[in-house]
Amino acid sequence: MSEEKKYEPIGVELEEGKRYAWCSCSHSGDQPFCDGSHRAADTDKVSMGFEAEESGTKYLCTCKQTSNPPYCDGTHNSL
Ligand code: FES
């Protein structure tokens, strides 16, 4: 029996105008945000800084395959 890893976006409360660092390497223990783990991991990926355009609950990608980072675009459904 194989173990399949299922990805789901994580809903987070963002504040308009505030900056956040989205994890693009998947090693962070604080998903969907960067916790600096990429520095110790064997990856060339780094965090992606972004500014929230509006306040509210937003669903951020955890599969790291989205075409609209940091936001989930549904790509995880086809993985
Ligand atoms: S979690 Fe939905 S596209 Fe990555």
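Of the 79 residues of the protein chain in this predicted model, 32% count as buried. The exposed surface comes to about 5,400 Å², and carbon and sulfur atoms supply 43% of that. As for overall dimensions, the C-alpha trace spans about 45 × 30 × 20 Å along its principal axes. A compact globule with 79 residues would have a radius of gyration near 12 Å, so the 13 Å of the protein chain agrees with that picture.

On the secondary structure side, things are simple: zero helices and four strands, running β-β-β-β from the N terminus on. Among contacts between residues at least 6 apart in sequence, 53% join residues at least 24 apart.

Nonpolar side chains tend to be buried together in soluble globular proteins. Here the largest nonpolar core has 10 residues in all, among them Val 12, Leu 14, Tyr 20, Trp 22, Phe 33 and Cys 63. Strands β1 (10-14) and β2 (19-22) are the elements that give two or more residues to this core. Cys 63, a core member, also touches Tyr 7, His 76 and Leu 79, leaving out residues up to four places away in sequence.

Then there is Lys 58, which sits in strand β4 (residues 56-60). Its side chain makes a polar contact with the side chain of Glu 54 at 2.5 Å. Beyond its neighbours within four places in sequence, Lys 58 is in contact with Ile 10, Gly 11, Val 12, Leu 14 and Tyr 71.

Residues 9-44 are 0% helix and 25% strand, with end C-alpha atoms 23 Å apart. For residues 45-78 the figures are 0% helix, 26% strand and 23 Å.

Notes
Residues numbered from 1 in each chain as written. Predicted model: local features only at pLDDT ≥ 70, side-chain atom pairs only at ≥ 80, totals over all residues. Heavy atoms only, no water. Polar contact = N/O pair within 3.5 Å; in protein donor to acceptor, adjacent residues only side chain to side chain. Contact = heavy atoms within 4.5 Å. Core = buried A, V, L, I, M, F, W, Y, C linked by side-chain atoms within 4.5 Å. Buried < 20%, exposed > 50% of the residue type's maximum accessible area, 1.4 Å probe, protein only. Rg over C-alpha atoms; globule rule 2.2 N^0.38 Å. Areas by Shrake-Rupley, 256 points an atom, 1.4 Å probe, with all protein chains shown as cover.
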